Amino acid sequence: MHFDVLIADKELINNKKLIVKTRNELINVNLHLSTSKEEILKKTFSLNLLIIDINVKDSLEIAKKCLDCDIDVIFIIENKNNLDIAYNIAVFDFIYKPIYLNKLIFKINHYVKIREREKEILKQKEFSSIILNNIAIPIFLTDSEKFLFANKNFLKTLNIKNIEQLNNKYQNVISIFEKREGYLFENKNENWINLLTSNNELKVIIKTFENKEKIYKIQGNYLKENKNYLIFLEDITLELEYKNKLKNLFYTDSLTKKPNRAKLIDELQHNEKNINSLAILDITSFKEINDFFGNRVGDIVLIELAKIIENCIIEYKNIHLYKFHSDTYCITGENIGKNNFLTIIKKIIETVYTTVINHDKYEIDTRIRAGISFSDKNNKLITADLALQAAKKDNKEYLVFYEKLDNLKEYENNMRWTRKLKNALSNDDIILYYQPLINNKTMQIDKYECLVRMIDEDKIISPFFFLDISKKSNQYTKITKIVIDKAFKKFSNLNYEFSVNISYEDIENPNFLEYIKSKLLQYNVKNKVVFEILEDESIKNYDILIQFIEDLKSLGCKVAIDDFGSGYSNFEHILKMNIDYLKIDASIVKNIEKDKNSYKITKTIIEFAKNLGVKTIAEYVENEEIFKIVKNLGADYSQGFYFSEPKENPEINKFN
């Protein structure tokens, strides 16, 4: 940067040495010398600083013109009396004679630095202005009342050319925003700027020059240097429109365009409506309608039924219709008497029954059932559904919920054990207990059965409490895999056979066999492990089961059928299975002393197994009498509390 200084003082101009030294000392400063008014004024277009003797002819006039041209002026004065003249023209800088080199250079350098800072600030402002103008979002600068700056995007939104036009059109910043509930300027807020700088989630509405309302997220930053506020506007109009569309899709049944179950749940949770009555309506045998007429006609039936129901309630402002999943509807009543609500539901049921739905050449008759709840609890949906299920079971057109239908305690218990089970799985609190199997000939422990347990609050929990829950909550296979992993690891260094229980649900899992293979490779227990499979009503395909057994046998493992002799046992299927053990069901063994049929069944199973070359295991051997009977009948192994209850660790004992 070049800085132009003109010295208008005869004494300084005639001091050649001082002038030469000054020029040598000042870098990037162009030094001019003249006391001529004409010459000085000619240079005003390029001058930055004028140092002028107050006694120069027309010095005050020259100084004023320089000030008008944004040229700094320093008066050289001989005494303090001249100060009054300087003050009168608002020139507050001066130097006294005699003038020394250091004093002169200091003054000039001081103004050079001021100008350099001003130029840098100007560059920054220009640079900032360029950036702000090219930012894609609308931005403006304000003192909280007037607009001080507005970028191109902000002006374009309003179709305004410049800041002057903007301030002329709007008397203040607030007046540019629409007053709307839920937005920053829902009313005239004098503290809006403080609210804005402390909250990043505020929204405003601006009406564009096309008379379209746009919604912006508004943010403000306080600029300490000039005590102004830089405001940023992020257009979220499309985003909110998209969210509203998604919300409508989420809360609306796509077929009937009625509010759905999610919408009702949201209303119940937020207490948007004082719903004291609720009925769930279900179409009787809708599956048959779909199967007979086809899905397209089935959809038409659903739409027509929604219209029929709506016509029945159209006169009631406090009755509302919702379309649930599949063939289910819901009616809610706000502040309505029980008898009135029942009358409306009966009317709907009767109207649906007497109305024939015509489509093309088809005449379709429909019927509906209703479950009704007036429960004071926050569970009207659940209790109405319980009433509906009971109505279906009892073949009634409708049923009002009453306390005996309340299975909520069972649901709460299920949820409680589901949470406990989830925590146990997360915290490695699924453990194994071990119960020995005694060889009836040697009276020694030959095997152990690995039995699953759960730790809950330092208590050992039986599978009775959580195993069925694990199946309903899709946690069962996880438990089976944990049992396999821990059992394989435990017996990898013990010279005993051991058994683990698996179910048909496990076998159906396409990845389950691969998991077993990976664990056999990891622990090498293929000659020790016995997989106990429960033969029950869950088996849908015996071919899958038989193939799975063959796969296990090919890996070197053994297989047992658990609880054989119970209601689901099938001798014909056993003939097709390549198994190693049959475990006689506990319900038979425990009654063998007193019940002749139990004795005969046990004897038959043992003889049947011997003919197949299959070993037998008697479960539930609780006392000496039971043990002697099963041993005499030829059972190969005994398992039960007579020998040992399940223990935390395998115990190596001998029974004589």
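Thr35 is partly exposed, with a relative accessible area of 27%; buried means under 20% relative accessible area, exposed over 50%, and partly exposed in between, with a 1.4 Å probe and protein chains only. This is a predicted model, in which local features need pLDDT of at least 70 and side-chain atom pairs count only at pLDDT 80 or more, while totals for chains, interfaces and linings use all residues. Residues are numbered from 1 along each chain as its sequence is written, and side-chain values use heavy atoms, with hydrogens and water left out.

Thr35 sits in the loop between strand S2 (29-33) and helix H3 (37-42). Helices (H or I, at least four residues) and strands (E, at least two) are DSSP runs, numbered from the N terminus. Leaving aside neighbours within four places in sequence, Thr35 is in contact (heavy atoms within 4.5 Å) with Ala8, Asp9, Lys10, Ile13, Ile40 and Val56. Ile13 is 22 residues from Thr35 along the chain, and their C-alpha atoms are separated by 9.0 Å.

An α-helix has 3.6 residues a turn, so residues three or four places apart point the same way. Just after H12, Gly294 has a positive phi of about 100°.

The next topic is the nonpolar cores. A nonpolar core is a set of buried Ala, Val, Leu, Ile, Met, Phe, Trp, Tyr and Cys residues joined through side-chain atoms within 4.5 Å. The largest has 70 residues, and those with the most contacts inside it are Phe488, Phe498, Val500, Phe531, Met577, Ile579 and Leu582. Apart from it lies another core of 32 residues, with Ile289, Ala306, Ile331 and Leu342 among them. In soluble globular proteins, nonpolar side chains tend to be buried together.

A charged residue, Lys519, lies in helix H20 (residues 512-523). Lys519 counts as buried because its relative accessibility is 12%. Not counting residues up to four places away in sequence, Lys519 touches Ile484, Asp485, Phe488 and Asn524.

On a 1 Å grid over the protein atoms alone, a cavity is a set of points where a 1.4 Å probe fits but cannot get out, and a pocket is an open set with protein on both sides within 12 Å along at least five of seven lines; lining residues have an atom within 4 Å of a point. The largest pocket is lined by 36 residues, of which Glu449, Leu451, Pro463, Asn501 and Asp562 lie nearest its centre. Strand S19 (445-456) is one of the elements that supply at least two residues of this lining, and S19 gives the most, with five.

The largest cavity is lined by residues including Lys447, Phe498, Glu532 and Tyr581. Elements giving two or more residues to the lining of the largest cavity are S19, S21 and S22. S21 gives the most to it, with three residues.
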